[in-house]
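User: I am new to this structure. Please show me how to read its features.

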Amino acid sequence: LGDGFEVNLIDPAQLLAGEPLDACIHGTGQWRFIVVSEGKPVGLLTVTHTRDGWKWVEAGASELAVEVAAVEARYAGQTPAPRLRFVRSLQAVADFIEVTPAPVSGQSVETQYVPLKSALVSLDKQSADASAATATAAPTLAEPEITALLRTRVRSGMQDIRFMH
């Protein structure tokens, strides 16, 4: 197994109420680990904590594993290392990696977001036939830009009966 990360969800009610994006992001307690074969990411193993301990609940997501590993590699050489956080919006059908640079004395820290393929397609940033390699070249978006795009998509997604719970 390679690196693991917690799945964080965007609370749609908070986002639509005008809260800053960072305040809308909450951990789920579900973790995904990159499955590596011959040095390459081939899938994700998802685990969740139950009263009986940690349980495997899903395996798959080969494209997402490649994308997450590509974003990790993109920032691996930075010193000090930025904090990376996997963020998902169910209503916008979009995944991102939040990149928060390590604080440097006297400088303000500006969080950026790397949209993964689902976000690029959902937010009309790229055509639906985007390759999994987009994570290596995807532009980083500042919080105001990503928040505006997300609010539009979440509003639309909230009208979908699948998200009306």
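Analyst: This is a predicted model. Start with the second largest pocket. Its lining is formed by Gly4, Phe5, Glu6, Asn8, Val68, Val71, Glu72, Arg83, Leu84, Arg85, Phe86 and Ile97.

User: How is such a pocket found, and how much space lies in the second largest pocket?

Analyst: Rolling a probe the size of a water molecule over the atoms shows where empty space is left. Here, the second largest pocket holds about 160 Å³ of space.

User: How many aromatic pairs does the structure hold, and how do I read one?

Analyst: A pair of aromatic rings is described by two things: the distance of the centres and the angle of the planes. This structure holds two aromatic pairs. Take Phe5 and Phe86. Their ring centres are 5.0 Å apart and their planes meet at 40 degrees, so this pair is tilted.

User: Where in the chain do Phe5 and Phe86 sit?

Analyst: Phe5 is in strand S1 (residues 4-10) and Phe86 is in strand S5 (residues 83-89). They are 81 residues apart, so the pair links distant parts of the chain. Both Phe5 and Phe86 are buried. Both also belong to the lining of the second largest pocket.

User: Is the pair of Trp31 and Phe33 stacked or tilted?

Analyst: Stacked, because the planes of Trp31 and Phe33 are at 25 degrees, with ring centres 6.5 Å apart. Trp31 has 30% relative accessibility, so Trp31 counts as partly exposed. Phe33, at 24%, also counts as partly exposed.

Notes: Residues numbered from 1 in each chain as written. Predicted model: local features only at pLDDT ≥ 70, side-chain atom pairs only at ≥ 80, totals over all residues. Heavy atoms only, no water. Phe/Tyr/Trp six-rings, centres within 6.5 Å; stacked < 30°, edge-to-face > 60°. Helix = DSSP H or I, 4+ residues; strand = E, 2+ residues; numbered from the N terminus. Buried < 20%, exposed > 50% of the residue type's maximum accessible area, 1.4 Å probe, protein only. 1 Å grid on protein atoms, 1.4 Å probe; cavity = no way out; pocket = protein on both sides within 12 Å on 5 of 7 lines; lining within 4 Å. Points joined across faces, edges and corners; volume = space filled by probe spheres on them.
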